[in-house]
Amino acid sequence: MANKVDTSASSSYYALLITVLVFVIVGTCCAEERSVYLVLMEEEPVAFHGSHLSHEGRKVLALDRYYYCCFPVLNILQICPRLLGQGRGCRFLGLNSFSSIVTDQDIYFCMDSEVSKAHAKHLVDSHDQLLQSNLETGSYNKLYSFKHIVNGFSVHTTPSQANKLKVAPGVKLVEKDRGAKLMTTYTPQFLGLPQEVWAKEGGDKNGGEGIVIGFVDTGITPEHPSFTYDPLNPFTSNISHFSGACETGPRFPSSSCNGKIVSARYFSAGAQAIATLNTSVDFLSPFDAAGHGSHVASIAAGNAGVPVIVDGFYYGRASGMAPRARIAVYKAVYPTVGTITDVVAAIDQATMDGVDILTLSVGPDEPPEDTITFLSVFDVFMLFARRAGVFVAQAAGNHGPDFSTVVSYSPWALGVAACSTDRSYPGSLLLGNGLKVGGVGLSGPSFGDGEFLCKLVLAKDAVRVNGAFPRTPAYVEECQFPEALDPIIVRGRIVICIFSAGFYNGTSNINAIIDTARTLGFMGFAFVANPAYGDFIAEPIPFAVSGIIIPKVADAQIISQYYEQNIQRDERGFVIQYCARAAIREGRVASFVGQAPIVSRFSSRGPDFVDINRNPADVLKPDILAPGHQIWAAWSPLSALEPILTGYHFALLSGTSMATPHTVGIAALIKQYNPSWTPSMIASAISTTATKYDNYGEVILAEGSYLNSYYPSTHFDRGAGLVNPARAIDPGLVLPAEFEDHINFLCSLPGIDWSVINAATGERCNRSLSHPANLNLPSVTISTLRNSLTVKRSLKNVGSRPETYTCSVISPNGTMVNLSPTWFRIAPQEIQDIEIQFRVIQAGGEFSFGEIVLTGSLNHIVRLPLSVLPISTS
């Protein structure tokens with residue numbers, strides 16, 4: 001009997017154990033995967049706290065930066081006496097333009113006053129309390145509290161917990177983090193900086209002086225000569241409006257903040273929450289292991305005249321657009337991963353620090369799924385940075401040439417498209433019959449300075465017959481594996497490697513060809529197109545051995561035909577005599593010929609759109625065009641994401657990431673020349689003075705989908721046109737649009753739920769525009785024109801003299817456009833309204849384009865792009 005009892009107890013024990021294990025296993029399998037969520041809260045952030053108080057009390061005005069308290073000077077002295085005159089913490093502003101409220105008072109705003117600190121602490125405490133009272137213990141990890149320009153936080157938690165937050169009191173918006181992606185020696189001359197703009201600023205040694213540019217990116221390489229401080233040429237400008245910090249860590253000692261780099265921070269909570277970082281490249285410091293952040297920073301604000309030397313070859317000298325601007329670094333993207341939560345935390349801090357300009361060559365690479373594009377958390381942060389007086393420039397994206405691929409959506413950030421300059425690096429392969437075949441590759445010539453003809457060998461004909469390796473394209477024809485080729489045949493020869501399946505599917509790469517060439521002692525290599533896969537796009541990259549890329553099938557066939565005519569094969573098809581000869585010519589010498597600029601194939605196109613269904617918006621995107629194709633700039637030798645550039649201090653890259661800092665540097669020059677201008681005035685000046693013509697006097701071309709395919713660009717390719725810094729610093733007229741205007745624009749969007757706007761921005765729709773196209777932008781875009789529509793633009797004379805303007809218009813096809821008035825005279829600082837009446841005369845299914853041109857008597861020319869979709873005549 002005892003045995004039976006023991007057996008029964010044992011059976012029950014094991015049954016219970018199995019049941020527990022099943023629950024554990026099922027629970028583990030069904031456990032929710034955590035993600036990062038961004039949460040916006042109701043209360044005002046520090047920068048705008050108290051902005052709704054009455055005029056009779058302590059009125060707060062939206063001016064050049066943050067909100068400036070309209071107290072008598074005595075009261076301000078009582079609040080922050082220790083800060084005045086010390087160049088830290090307080091920002092000085094004269095309120096002459098707001099004399100109706102405050103007359104000729106000099107006001108100080110205390111960024112680190114006790115009141116501000118107390119409110120910041122209150123916000124952080126409220127975030128913690130909300131999480132503790134609504135989410136289960138251990139189910140979340142708070143990553144950041146946002147408190148400067150936006151009130152909110154980011155949290156790493158499960159979808160079910162995030163759903164609880166959506167209905168929690170005080171929560172306005174919850175959005176899942178979509179991740180963040182990364183988006184010269186000659187461009188200063190191409191844009192006319194040395195002769196014109198730099199001259200007005202006192203030369204390249206003064207361009208950008210006094211301006212602080214913030215870079216939210218992969219960090220910076222502080223020892224690079226583009227960022228060193230020259231004690232013989234000290235900075236003389238006062239940047240007391242800026243107050244940053246120097247965060248140290250691996251490869252980034254405190255000496256990295258050297259006066260040129262005035263602040264450096266890093267943000268990693270989001271990255272660390274969703275990925276295991278690689279300590280060999282994901283440094284928890286502002287140091288740049290990828291190279292992208294250094295490249296971007298040096299284009300905008302790198303020192304002037306830095307020698308560019310790669311593989312011992314001198315390519316010229318590099319200069320930033322604003323070489324005397326200071327650099328503030330906000331590292332938020334890592335080689336392993338990038339998150340929006342780290343990026344917006346960086347934006348929040350950069351704005352609080354007091355940067356004048358913010359560069360965003362990183363960001364989400366796709367539209368939000370559950371809200372309109374203008375109201376994603378990322379765009380909301382940019383809106384409030386703009387409200388705080390920061391000029392924000394954003395890469396338009398690299399998804400061209402398809403339409404509606406821009407990732408810069410909002411009218412409060414300048415979206416920058418990319419184009420080529422007239423510089424190229426042509427290479428050539430000289431064949432034994434005297435023919436030259438063109439290609440690309442930053443490579444020195446083969447033996448004898450490219451004059452000595454070497455034997456030419458097709459990789460497929462040099463495969464080791466008895467080799468123990470798979471006969472796949474990577475081994476047989478792509479030169480990826482040195483063990484596949486007979487060293488006796490290929491040593492001292494120029495070897496033809498063919499673009500095949502491995503390159504098509506992304507498993508093969510040029511770096512492997514270079515390694516094979518070095519291992520086996522090639523004289524050089526020619527990487528050629530394959531008729532089975534068609535032409536491909538090739539960019540010049542530095543080769544450690546002599547080499548050339550031939551991306552056109554027609555050229556590859558010329559080489560193949562010559563090769564086959566000059567070899568002998570046996571009855572089995574094996575080559576028994578190599579008589580073909582070739583030489584690789586110099587490929588590192590720049591050529592300055594041809595039409596330029598041309599909108600780059602990769603540059604994302606408009607029209608802008610309002611939601612994930614790509615319904616078009618009444619906003620022009622991209623806004624502007626700038627050089628972004630084959631741009632020399634600083635690089636990190638670690639080159640964590642581009643192994644072929646490892647060890648290099650400079651890189652030749654392409655992307656809207658490269659175009660954006662060109663515009664940012666020019667914005668710094670404009671701000672330096674016109675220090676009282678708001679961000680919208682700077683953006684307007686950049687847009688209205690741009691040119692739509694190339695160096696041949698023709699409308700700028702845009703690259704199509706296929707190699708060597710071009711078409712005349714439209715506003716959806718080039719925006720307003722190529723940035724023209726010489727005219728932008730003196731535009732004559734500007735079109736201001738401030739925070740309230742942007743809220744009114746949002747409230748006027750068709751079918752918009754006003755509560756959604758309130759949730760995202762904290763602002764109520766007390767008024768809206770009669771049509772979204774009435775936002776005072778330096779362009780007019782109408783996504784749906786039925787019968788007729790009249791919109792208004794307000795222009796301000798920022799010149800020093802009265803000027804008379806005559807108005808003309810090129811109407812978009814299918815429309816008739818009338819202007820009123822047709823001319824006007826405007827005094828300095830005066831505002832002039834013009835009415836623009838559009839009428840459909842022929843309906844169509846596509847956008848058409850035109851422009852308004854205002855020609856001033858003092859040689860100012862103001863252009864407003866028109867983009868219209870005429871739907872019906874009634």
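User: Which residue just after α21 takes a positive phi?

Analyst: First, the basis: this is a predicted model, in which local features need pLDDT of at least 70 and side-chain atom pairs count only at pLDDT 80 or more, while totals for chains, interfaces and linings use all residues. Residues are numbered from 1 along each chain as its sequence is written, and side-chain values use heavy atoms, with hydrogens and water left out. Helices (H or I, at least four residues) and strands (E, at least two) are DSSP runs, numbered from the N terminus. Just after α21, which spans residues 754-761, Gly 762 has a positive phi of about 80°.

User: Which residues of α21 are buried, and what covers them?

Analyst: Buried means under 20% relative accessible area, exposed over 50%, and partly exposed in between, with a 1.4 Å probe and protein chains only. In α21 the buried residues include Ile 757, Ala 759, Ala 760 and Thr 761, and their cover includes β1 (35-41), β8 (171-176), α10 (377-387) and α20 (739-747).

User: How should I read helix α14, from its N-terminal cap to the residue that follows it?

Analyst: An α-helix has 3.6 residues a turn, so residues three or four places apart point the same way. In α14 (residues 510-520), Ile 510, Ala 512, Ile 513, Ile 514, Thr 516, Ala 517 and Leu 520 are buried, and among the elements that cover them are α13 (501-505), β24 (524-528) and β25 (547-550). The N-terminal end is capped by Asn 509, with a side-chain oxygen 3.1 Å from the backbone nitrogen of Asn 511, and after the helix comes Gly 521, with a positive phi near 75°.

User: Which residues have the most contacts inside the largest nonpolar core?

Analyst: In soluble globular proteins, nonpolar side chains tend to be buried together. A nonpolar core is a set of buried Ala, Val, Leu, Ile, Met, Phe, Trp, Tyr and Cys residues joined through side-chain atoms within 4.5 Å. The largest one here has 127 residues, and those with the most contacts inside it are Ile 213, Leu 456, Ile 510, Phe 525 and Phe 527. Helix α16 (residues 656-673) gives the largest share of this core, 8 residues. Setting aside neighbours within four places in sequence, Ile 510 is in contact (heavy atoms within 4.5 Å) with Phe 503, Phe 527, Ile 541, Phe 543, Ile 549 and Ile 644.

User: What is the strand order of the open sheet of 4 strands, and which strands stand at the edges?

Analyst: Strands of a sheet pair through backbone hydrogen bonds, either parallel or antiparallel, and two strands count as paired if DSSP finds at least two bridges between them. Here the order is β6-β7-β1-β8, with antiparallel pairing. β6 (140-146) and β8 stand at the edges with a single partner strand each, so one side of each is left without a neighbour in the sheet. β6 is joined to β7 (residues 152-157) by 6 bridges, and Tyr 144 stands opposite Ser 154 in β7.

User: Is His 629 buried or exposed, and which side chain makes a polar contact with the side chain of His 629?

Analyst: His 629, in the loop between β31 (624-627) and β32 (631-634), is buried, with a relative accessible area of 18%. A polar contact is a pair of N or O atoms within 3.5 Å; within protein, one must be able to donate a hydrogen and the other to accept it, and residues adjacent in sequence count only if both atoms are side-chain atoms. The side chains of His 629 and Glu 539 are joined by such a contact of 2.9 Å.
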